[in-house]
Amino acid sequence: MAKTIAIFSTKGGVGKTLIASNLAVSLGYYSRKRVVVIDLDLQAIGDMPKFFNILPKKSLLDLVESLKTNPEGTTVKEFSTQVEKFGIHFLPAVLSPRQAGHIDNEKIKEALLFLDKHYDYIIIDAGRAFTESLLGVFNHTNLILLVVTPDILSVYQTKWSLDVLQSLHLPLNMIKVVLNRAQSLGGVLWQEVRAAVPCEIISRIPSEGKIIGMALNRGVPIVIDSPSSKASVAIRRLEKDMLEREDIFLQHQEIAASATGTEEALFVREGQFWEKFKLTQEPFAPEEAEKESDEIIELKKSVHQKLIEKLDLKHLEIDMTNTAKAAQVREKTERIITAALAEETGSFISSFEIRKKLVKEIVDEALGLGPLEDLINDPEISDIMVNNKNQIYIERRGKISLSPKRFLSNEQVRQIIERIIAPLGRHIDESIPMVDARLRDGSRVNAIIQPLSLTGPTLTIRKFGRERLTIDDLLRINTLSEPMRDFLRACIMVRKNMIVSGGTGSGKTTILNVLSSFIPENERIITIEDAAELKLKQEHWVRLEARPPNIEGKGAVSARDLFRNSLRMRPDRILIGECRGAETLDMLQAMNTGHDGSMTTIHANSTQDILSRLDSMILMSGVELPIRAIREMIASAIDIIVHTARLSDGSRKIMQITELTGMKDEVHINLQDVFSFKQTGIGAEGKVLGNFQATGYIPSFIGELKVKGIPLPENIFQP
């Protein structure tokens, strides 16, 4: 028995035919399944053959006629058009509009029962009208894919379609949603579609109009013409679901049971459906379906213009650091926007939830960080990267992905940048096109605009973690092992100088934060940072932050200036957030002259790279020292290197703990790994497999630990 999939939408132009044709080709060409695709869209006869560049000679009507006159002699190949280069068969319902009236429920039933015996999958482009022929399709279908685009009109049409399908006693379990053009500019977020439509969104296909247009012009399905495009990848993912997920295909006896009530119903009965999901049931008239799908963005612009006029938004001083004033301004703004929406739309937006969402988005764009507001408030997101108005990437749990959020324009991106930096007394324009700043919660911000950024204003936000992680948290997420924890605690207590190294986003600052928790409470700690990120638990802690120059280029206070001053502040420990310049020389000299137990972080790809980086940064200070002298200074100042990395599955681990044991020769420092992480492979879902190991090397200062009464069993160094 074939699995029959009907692809349907009452709204035209949503991409039904594109999805039906490419899904069929994916199953036939790549998975070698026996597939027939049926064109049952009687309002667009002859469209689908253009996707395959073919001219069919026989139709479903001809097949049914042959079955009546010669049931034993009728063959599939005689009536379906074999598209060998794409691995499928094609069968139009009719060949001309004049034949459309002859298609009825019985003919479709007879044809599908025959095709059932010869194919693995029957893919049907079911058109966009509730007709008798469509009911015949649904009576034979195992799965209905409703195609939706991310605009209010399409979502409402889909809700109306679901209402009709429920009245036909079709179970909700057999209906899935395919969200086409899922990343359309100004479109409704896919999360909003999911909230409005009580069916699983089984696939989200991104917008790629140019690539799809070129494939159509060549008569080649996009999954073959551009197999690496985002749309093709999404369709191939949908194909995989069709192959592997048996739960999405309902058998006919299950459907019948739902309709008759002989078994537990798989769906909500007519009349209860909209009430249960708290949705309105206001179907659109056919003429409304012709409105452009991006009208939501025009609506926002219109309301925003009224807001400028009524609130004098251009001259309104918005202080993001004054919480009370910001709340007052926001409340007043929400009232104006609600009234403006009513004037603009009348009863167009009947859903309270959608109105509420629109008001929030427009307020965020007017007063806050626009589409970044929700991303900033999402605790699972650690980094936000705005390439331009259309591309907002995020890092969630170590994985980078493209967010569905969009800005209205590049000018809006520029306004958000200025809104972030203005309260800090910073400025950005063509004369100063780069800026570093910090949000009120401590998140680190970097912005760069034209003429340096050619793709538009670019904004990068490294979010400030709200939770203070502990060493137990790192053990729980397998960042290090218990022997490594015990060794690092002993190193801190015995006042060893340490460097935490790693690439961007590898967790250096987090590790430094956690290591600092081992510092005794009675010690005076001074931290020096370009952007304050460290969060220490000790009370005797002085925080110093470097200051960039003002608009006139004056008033800068560098990390090196702060470091020199900190030596006069009677520190027990000095922690530098990151060494990246001339302050490195001062730090090494301090470590060599009595300020033991200091720590810092450095960008490096390996422990060996750290030595080269330190050489370069010392030379940046302007002193002319031979390499031998520099290396001797490094070897005597630094005791331990903790090297971190972010792995392919997004996890962050301590890859090596290394001791610097002195000079090997005149220019080479001897490095001895104490612990390391060994990767053994890749597991399910791309998870990195491996384990932490002791190398067998016993640190040179193990005797010092014993003398000072710091317990550390030597068996933790056994391999």
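Which backbone oxygen does the side chain of Thr 695 reach? Keep that in mind as you go. The model on screen is predicted.

**Stop one: Thr 695**

Select Thr 695. You are in the loop between strand 23 (688-694) and helix 26 (702-707). Show the surface here. Thr 695 is partly exposed, because its relative accessible area is 37%, between the 20% limit for buried and the 50% limit for exposed.

Now show the side chain of Thr 695 and the backbone of Asp 673. The side chain reaches the backbone oxygen of Asp 673 at 2.5 Å. That settles the opening question.

Leaving aside residues up to four places away in sequence, Thr 695 touches Asp 673, Val 674, Phe 675 and Ser 676, along with Phe 717 and Pro 719. Then pick Gln 718. In sequence, Gln 718 and Thr 695 are 23 residues apart. In space, their C-alpha atoms are 7.1 Å apart.

**Stop two: helices 23 and 25**

Select residues 583-591 for helix 23 and residues 627-637 for helix 25. How far apart are the axes of this pair? They lie 9 Å apart, and the helices pack at an angle of about 55°. Helix 23 and helix 25 are therefore oblique to each other. Turn the view to follow the crossing: helix 23 passes helix 25 in a left-handed sense.

Now show side chains at the contact. From helix 23, display Leu 585, Leu 588 and Met 591. They meet Met 633, Ile 634 and Ala 637 of helix 25. Colour this contact by class: you get six nonpolar residues, no polar and no charged ones.

Key:
Residues numbered from 1 in each chain as written. Predicted model: local features only at pLDDT ≥ 70, side-chain atom pairs only at ≥ 80, totals over all residues. Heavy atoms only, no water. Axes fitted to C-alpha atoms, helices over the stretch in contact; angles between N-to-C directions. Helix = DSSP H or I, 4+ residues; strand = E, 2+ residues; numbered from the N terminus. Parallel < 35°, antiparallel > 145°, perpendicular 65-115°, else oblique. Left-handed = near helix turned anticlockwise from the far one by under 90°. Contact = heavy atoms within 4.5 Å. Nonpolar A, V, L, I, M, F, W, Y, C, P; charged D, E, K, R; others polar. Buried < 20%, exposed > 50% of the residue type's maximum accessible area, 1.4 Å probe, protein only. Polar contact = N/O pair within 3.5 Å; in protein donor to acceptor, adjacent residues only side chain to side chain.
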